[in-house]
Amino acid sequence: PPPTWADMDMDNWKELVTFLTQDTRLELKSKALGYVLGLTGTQDGQELIRKHKEVLRILLDLTTDSDPQIVRDAYSALLNLSASDDVAELVGLGVIPRFLDSLTDPRQKHADKICMLLSNLTRQEDGAAAFVKSVSSLPHGQNSLYTLVDIFDRRDYNKDAEFHHLAMVFSNISQVSTARKLFLDRSKCIIPRLLPYTQF
């Protein structure tokens with residue numbers, strides 16, 4: 001059965017966290033992260049992690065680990081945590097700009113998980129507003145939203161991703177007036193490009 005917070009006292013928790021660094025030996029790091037990943041799949045485990053917010057930063061750091069399995073598990077843990085309604089902590093850590101930067105990398109092997117994360121993080125208005133603000137702060141400003149539409153509309157942008165969950169992100173951010181104006185900008189033809197995808 002998956003681990004629960006009841007199995008973990010404070011000393012054990014502190015020891016576990018020390019193994020969740022990029023410099024830790026792979027075997028130990030993998031076991032520690034596997035335990036945390038299990039915790040993120042349960043309500044009790046998520047409550048424990050919310051009490052130890054440093055774990056969120058640790059998981060974010062591990063998404064750039066040198067081992068592909070560690071990176072995958074770190075993204076999976078963050079995805080589990082983002083599935084709850086309490087995502088303010090993640091949004092507050094500034095993860096959206098970081099995820100956007102990763103998403104636009106055509107070599108990013110976890111782009112679909114990032115899309116799912118962004119979909120979860122933008123369900124509520126605060127997260128949607130943070131996303132729109134982050135997009136506008138990228139090098140190409142508001143045109144960066146159009147870049148995301150381009151990525152969604154292309155089949156060859158990233159061989160490891162399909163970007164289907166970007167559709168949910170677009171839907172979520174439409175609750176923000178700034179995003180609605182961008183979508184309805186006739187000069188960019190976003191709506192005509194997205195309309196065919198509503199037929200599936």
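How many salt bridges does a search of the whole structure find? Seven. Hi everyone! Keep in mind that this is a predicted model, and let me show you around before we come back to those pairs.

First, the overall picture. Of the 200 residues in the chain, 46% are buried. If we take the contacts with a separation of 6 or more, 67% of them are between residues 24 or more positions apart. As for the surface, the chain exposes about 10,900 Å², and carbon and sulfur atoms supply 52% of that.

Now let's look at one helix, α3, which covers residues 43–51. Which of its residues are buried? They are G45, Q46, L48 and I49. These four sit on the same side of α3, because they cover an arc of only 155° around the axis. On the other side of α3, Q43 and K51 are exposed.

Let's stay with L48 for a moment. Buried means under 20% relative accessible area, and L48 has 9%, so L48 counts as buried. L48 is also 35 residues away from W13 in sequence, while their C-alpha atoms are 9.9 Å apart in space.

Next, K29 and D65 form a salt bridge, 2.7 Å from N to O. This pair links distant parts of the chain: K29 is in helix α2, D65 is in the loop between α4 and α5, and they are 36 residues apart. Are K29 and D65 buried or exposed? Both are buried.

Another pair is D156 with R154, at 3.2 Å from N to O. D156 is exposed, with a relative accessible area of 57%, and R154 is partly exposed, with 41%.

Finally, have a look at K109, K159 and D160, which are linked in a network of salt bridges.

Conventions. Residues numbered from 1 in each chain as written. Predicted model: local features only at pLDDT ≥ 70, side-chain atom pairs only at ≥ 80, totals over all residues. Heavy atoms only, no water. Buried < 20%, exposed > 50% of the residue type's maximum accessible area, 1.4 Å probe, protein only. Helix = DSSP H or I, 4+ residues; strand = E, 2+ residues; numbered from the N terminus. Arc of directions from axis to C-beta. Contact = heavy atoms within 4.5 Å. Areas by Shrake-Rupley, 256 points an atom, 1.4 Å probe, with all protein chains shown as cover. Salt bridge = Lys/Arg side-chain N within 4 Å of Asp/Glu carboxyl O.
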